[in-house]
Amino acid sequence: MTTPDPQSYHVLTFGCQMNAHDSERITGMLEQRGMVPAADQADADVVVFNTCTIREKPDQKLYDQLQRVKGTKRRRGGNQVIAVGGCLVEAHRDNLLAEFPWVDVAFGPGRIRDLGNYLELADGEGAGVGHVPGESEGFYGIADERSFASELPTRRDRPHQAWVQISMGCNMKCSYCIVPAVRGKEVSRPFAEIVEEVERLAADGVREVTLLGQNVNSYGNHLPRDGSPRTFAELLRAVDAIEGIDRIRYTSPHPAHMQGDVIAAMAECAAVMPQLHLPMQAGSTRVLKAMRRTYSRERFVDLAAKIRAAIPDISYSTDIIVGFPGETEAEFLETVSLCEEIRFDGAFTFIYSARTGTEAAAMEADFIPPAEQQRRLEHLIDVVRGIAEERHTRHVGQVQEVLVEGAARRPAHHLRGRSPHNVKVVFEGDAPEGAIVPVRIVHATSETLLGRQVTT
Ligand code: SAH
Ligand code: SF4
Ligand code: F3S
């Protein structure tokens, strides 16, 4: 008797770290079920797309992929199960399966735990397990029950670094953003459960954790006030106290929740890295208000200064949207000048993209023409790149502690890792993956530091 070959899978991920981490759970779950990675997508018995719908671009990428996989599936005589998960599924819950009938399984980000069961029901015939009699809406999981996938195993690509989800959903109402609609109300994971997960990770050799949530620093606001620790600041301190965890990062915080206790915890905890992603979005108070960001330009400046006073060498990164409906040239230039004032070490810059159902999508009369949005984006990218290079140059001559991630792609025989400020470092040296080694920085670009390991 021969044992049948194990089934193979291919997972393709779009979107943010939350999604990337969800994909680790998805992959871990598939492997627990005895499946193995496929050599490529066309060879896979099960293809999972973990989708994003934050802007139009990721939507389009998925549609292209779905057309491609339709052909592959046909060539395999229908013998391929297609599962689509993630945020886009929530946004298109009413029509996804009708539009793409070769999709077998659709599941929301709150339903990863159940994916295994859905796959068992799937027969590759398409038309969606979501439509199995008696099992309808519940498959999608946002208006319905959502749960953390925290008891699923994860498959991490990097043995010494791990993401830890601490909350899901978002209660903010940023007028451009679809996340609250697709990820639902904010829910915090129990404090003790998070600490236990990090302890397990530490025992497993993890040295760096990144705490994840859509609005990570409002963690705990909705946990019961029973005297036990529950705030984000307390969580930072508890994770800092775990033996073996040398580096703590978190993303994405909202400026409105950067309270004094969080800043103090960052400054006092040795393992919390001197790096913060502080999404600014725009530099004009009028635009910030239209975005419903809840802070003015001045409050953002004050906050950045307050944090810098507590952690003088902190590196800031940010997210910025250009071409928000009604943004004038003068308002755009306020974004540019705020970047120059704060001096971010890096910035993710986006062109405003209208998302169906969001408040800003209704401001159609004020939409900025795409060519103008593009021009503003290119101008802004030039500015933020120049500032990033200048900021990184401050490290030249310094010795930085680098967490080794492996061999660099180039140049040959170099290693790559991350500095405390989360900058990529490419260096000459000899150290195993997972080691933290001193590296003298000899050169800086807007994205990378180059250096040489210091031998003692
Ligand atoms: N919860 C996080 C991340 C949200 S999505 C946060 O609040 O920071 C990541 C970034 O995408 C946002 O910070 C914003 O800059 C950008 N973004 C969100 N919606 C967008 C839209 N409709 N158009 C363009 N950029 C958008
Ligand atoms: Fe979206 Fe705003 Fe929530 Fe971030 S804080 S996920 S931008 S609604
Ligand atoms: Fe995209 Fe969902 Fe993240 S829309 S950015 S994958 S929360």
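Guide: Ala, Val, Leu, Ile, Met, Phe, Trp, Tyr, Cys and Pro count as nonpolar, Asp, Glu, Lys and Arg as charged, and the others, Gly among them, as polar. This is a predicted model, in which local features need pLDDT of at least 70 and side-chain atom pairs count only at pLDDT 80 or more, while totals for chains, interfaces and linings use all residues. Residues are numbered from 1 along each chain as its sequence is written, and chains are lettered from A and ligands numbered from 1 in the order in which they are written.

Visitor: Which residues surround ligand 2?

Guide: A residue is near a molecule or strand if its C-beta atom, placed from the backbone, lies within 6 Å of it. Around ligand 2 these are C170, M172, C174, C177, V179, P180, Q214, N215 and H254. The shell divides into six nonpolar, three polar and no charged residues.

Visitor: How many residues surround ligand 1?

Guide: Ligand 1 has 18 residues around it, and the closest are S252, P279, D319, F350 and S353. Nine residues in this shell are nonpolar, six are polar and three are charged.

Visitor: What describes two packed helices?

Guide: The description uses the angle between their axes and the distance between the axes. Axes are lines fitted to C-alpha atoms, for helices over the stretch in contact, and angles run from 0 to 180 degrees between N-to-C directions. Helices (H or I, at least four residues) and strands (E, at least two) are DSSP runs, numbered from the N terminus. Here, helix α8 (residues 232–240) and helix α9 (residues 260–268) pack at an angle of about 15°, with their axes 8 Å apart. Angles under 35 degrees count as roughly parallel, over 145 as roughly antiparallel, 65 to 115 as roughly perpendicular and the rest as oblique. The helices α8 and α9 are therefore roughly parallel to each other.

Visitor: Is the crossing of α8 and α9 left-handed or right-handed?

Guide: A crossing is left-handed if the near helix is turned anticlockwise from the far one by less than a right angle, and right-handed if clockwise. For α8 and α9 the crossing is left-handed. Two residues are in contact if their C-beta atoms, placed from the backbone, lie within 7 Å. The contact involves F232, A233, L236 and R237 of α8 with D261, V262, A264, A265 and M266 of α9. Seven of these residues are nonpolar, none is polar and two are charged.

Visitor: At what angle do α7 and α8 cross?

Guide: The axes of α7 (residues 191–203) and α8 come within 10 Å and cross at roughly 30°. These two helices are therefore roughly parallel to each other. Their crossing is right-handed. F191, I194, V195 and V198 of α7 meet L235, A238 and V239 of α8. This contact has seven nonpolar, no polar and no charged residues.

Visitor: What is the strand order in the open sheet of five strands?

Guide: Two strands pair if DSSP finds at least two bridges between them. The order is β2-β1-β3-β4-β5, with parallel pairing. At the edges, β2 (36–37) and β5 (105–107) each pair on one side only. Two bridges join β1 (residues 8–13) to β2 in the parallel sense, and S8 stands opposite V36 in β2.

Visitor: Which helices lie across β1, β3 and β4?

Guide: Helix α1 (residues 17–32) lies across β1, β3 (46–51) and β4 (81–86), running at about 175° to β1. Helix α2 (residues 56–75) lies across β1, β3 and β4 as well, at about 170° to β3.
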